[in-house]
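Please look over the structure below. This report covers its charged pairs, its nonpolar core and its aromatic rings.

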Amino acid sequence: HSPFCLPLTVVWAALQRMTSHHLDDDVDDVTVGLQVQQFLDEWHFRVLHSGLAYSWDRCEALVKAMDIFEATGMAISQEEKERLAELDEADMIAGLVARMPMSMKKTIEHFLLQLQLVLSTATRVRN
C-alpha cells in the first residue's frame, strides 16, 4: 500500500505533478513526500549495497540522509533528526517535509535526482 495510505487517485495525481518539467509556485506536501520517499528507498538500497549496513543501523542511515537535507537548507537539530529517525516511515517523511522551507520544496525533485546520480556513480566507482 501507499506509504501515506492515500487513495490511488491522489498518488497518481502527485506522481504526474512530479514528472512535470516546470516549477509551480504551489508545491504540495504529498508530492514532496513521495519524492523524499523515493530518495530514501534509493538511499537505503545504496547503504545496504555499499557495506555501510555493517556499521550503520536504520536510524543512523536516516540521520545521515537528514544531514544532507540540513546541509541544503532545512533547519533541523540533531535531536530532531534522531527523534524523526525513530518514527515510522510515513510520520518521519511528514516531519521532514514540514521542516523544509518552500524554496527547498520547489527544487527538491531536481536536487534529489542529482544526489541519486552522485550516489549511483560513487557506488559504481567504489565497487
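Predicted model: local features only at pLDDT ≥ 70, side-chain atom pairs only at ≥ 80, totals over all residues.

Numbering starts from 1 along each chain as its sequence is written, and side-chain values use heavy atoms, with hydrogens and water left out.

**Salt bridges**

A salt bridge here is a side-chain nitrogen of Lys or Arg within 4 Å of a carboxyl oxygen of Asp or Glu. The search of the whole structure finds five.

| Lys-105 | Asp-29 | 2.8 Å |

Lys-105 and Asp-29 form a salt bridge. This pair links distant parts of the chain: Lys-105 sits in helix α6 (residues 102-126) and Asp-29 in helix α2 (residues 29-50), 76 residues apart. Helices are DSSP runs (H or I, at least four residues), numbered from the N terminus. Burial is judged by relative accessible area: buried is under 20%, exposed is over 50%, and partly exposed is in between (1.4 Å probe, protein chains only). Lys-105 counts as buried because its relative accessibility is 10%. Asp-29, at 42%, counts as partly exposed.

Asp-67 lies in helix α3 (residues 58-71) and Lys-81 in helix α4 (residues 78-86), 14 residues apart. Lys-81 is buried at 2% relative accessibility, whereas Asp-67 is partly exposed at 27%.

Arg-99 belongs to helix α5 (residues 89-99) and Glu-80 to helix α4, 19 residues apart. Arg-99 is partly exposed at 22%, and Glu-80 is partly exposed at 27%. Salt bridges that share partners also join Asp-67, Glu-70 and Lys-81 into one network.

**Nonpolar core**

In soluble globular proteins, nonpolar side chains tend to be buried together. A nonpolar core is a set of buried Ala, Val, Leu, Ile, Met, Phe, Trp, Tyr and Cys residues joined through side-chain atoms within 4.5 Å. The largest one has 29 residues, and Val-36, Phe-39, Phe-69 and Leu-96 have the most contacts inside it. Helices α2, α3, α4, α5 and α6 each give two or more residues to this core. The most come from α3, with seven.

Contact means heavy atoms within 4.5 Å. Leaving out residues up to four places away in sequence, Val-36 touches Phe-69, Ile-93, Leu-96, Val-97, Met-100 and Leu-112.

**Aromatic pairs**

Which residues form one aromatic cluster? They are Phe-39, Trp-43 and Phe-69. Rings of Phe, Tyr and Trp (its six-membered ring) pair if their centres lie within 6.5 Å; planes under 30 degrees apart count as stacked, over 60 as edge-to-face and the rest as tilted. The count comes to two pairs. Phe-39 and Trp-43 are tilted, 5.8 Å centre to centre with 35 degrees between the planes. Both lie in helix α2, four residues apart, about one turn of the helix. Phe-39 is buried at 0%, and Trp-43 is buried at 8%. Phe-39 and Phe-69 are edge-to-face, 5.8 Å centre to centre with 65 degrees between the planes. This pair links helix α2 to helix α3, 30 residues apart. Phe-69 is buried at 0%.
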